[in-house]
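Trainee: I would like to go through this model feature by feature. Please give the general idea each time, then the case here.

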Amino acid sequence: MNRSLAASVPRSARSRAAASLHLQQDSAWRPALVLGVSSLLLLGLAYAVATTSVSRLLFPAQADGSLLIRDGQVRGSQLIAQPFVGDGYFQARPSAANYDPMAAAGSNMARTNPALQERVQAAITAVAAREGVPAAQVPADLVTQSGAGMDPEISPAAAQVQIARVARSRGLPVERVSALVQAHTLGPQWGVFGQPRVNVMTLNVALDAQQGTARLYGIP
């Protein structure tokens, strides 16, 4: 009897210890799961819904992507460059991504890369012929690509060199097109950051609106 009782005590103690350890493990999992689910709902859902709702309330156009809409259809965005077909439109900077927002990237070529130098020289020749100006007067941003390849803006100099072609193609006075360029020339951000710039998309939309053109060339 004594030996049996002595043998049963350690087994009972081990069972209680195992049960206690199991309870401790269960209790340790619960707060972790609750914290994970709460964080997901709070930061992944509630925060996103709240910020989107507030931004749409205060800045509806920007929250939807700064879209440009004509005749009830989206024609583009002020934030993304796109190509234009026809001499009646200002042209944006070249794009290493072929103006595809899903493939935004630069060429990643160094300035000493022979392929880059050859491409830039070919672009200078093409732009000079298109605009009817000497190669030395071709602005750099009309022959170089931005880091993301989707820069919607050009320098005032790059816009100025295109005025004569656009005016001639549309049958407009040069002064009228020049005034539109001036009206769409933005200064540095908050008067401090960056350089003066012209948004090509909004400028071309203004040209079409002024002449009552049905739609932008090259845009469905």
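Mentor: Start with the sheet: 3 strands form an open sheet in the order S3-S5-S4, with antiparallel pairing. The model is predicted, so local features need pLDDT of at least 70 and side-chain atom pairs count only at pLDDT 80 or more, while totals for chains, interfaces and linings use all residues. Residues are numbered from 1 along each chain as its sequence is written, and side-chain values use heavy atoms, leaving out hydrogens and water.

Trainee: Which are the edge strands?

Mentor: Strands of a sheet pair through backbone hydrogen bonds, either parallel or antiparallel. Pairing requires at least two bridges found by DSSP between two strands; strands are DSSP runs of E, at least two residues, and helices are runs of H or I, at least four, numbered from the N terminus. Here the edges are strand S3 (153–154) and strand S4 (185–186), each pairing on one side only. S4 is joined to strand S5 (residues 197–199) by 2 bridges, and the two run antiparallel. Thr185 has Val198 in S5 as its bridge partner.

Trainee: At what angle does H7 run to S5?

Mentor: Axes are lines fitted to C-alpha atoms, for helices over the stretch in contact (heavy atoms within 4.5 Å); angles run from 0 to 180 degrees between N-to-C directions. H7 lies across S3 and S5, at about 55° to S5.

Trainee: How many residues of H7 are buried?

Mentor: Buried means under 20% relative accessible area, exposed over 50%, and partly exposed in between, with a 1.4 Å probe and protein chains only. In H7, 9 of the 12 residues are buried, so the helix is largely enclosed by the rest of the structure. Val200, Met201 and Asp208 are among them.

Trainee: Which residues touch the most other members of the largest nonpolar core?

Mentor: A nonpolar core is a set of buried Ala, Val, Leu, Ile, Met, Phe, Trp, Tyr and Cys residues joined through side-chain atoms within 4.5 Å. Of its 34 residues, the answer is Phe90, Val138, Val143 and Val177. Helices H3 (114–131), H4 (156–160), H5 (163–170), H6 (174–183) and H7 each supply at least two residues of this core. Beyond neighbours within four places in sequence, Val143 contacts residues including Pro94, Arg119 and Val127.

Trainee: Is Arg93 buried or exposed?

Mentor: Arg93 counts as buried, because its relative accessibility is 15%. Arg93 lies in the loop between strand S2 (73–77) and H3. The side chain of Arg93 reaches the backbone oxygen of Gln145 at 3.5 Å.

Technical notes
A polar contact is a pair of N or O atoms within 3.5 Å; within protein, one must be able to donate a hydrogen and the other to accept it, and residues adjacent in sequence count only if both atoms are side-chain atoms.
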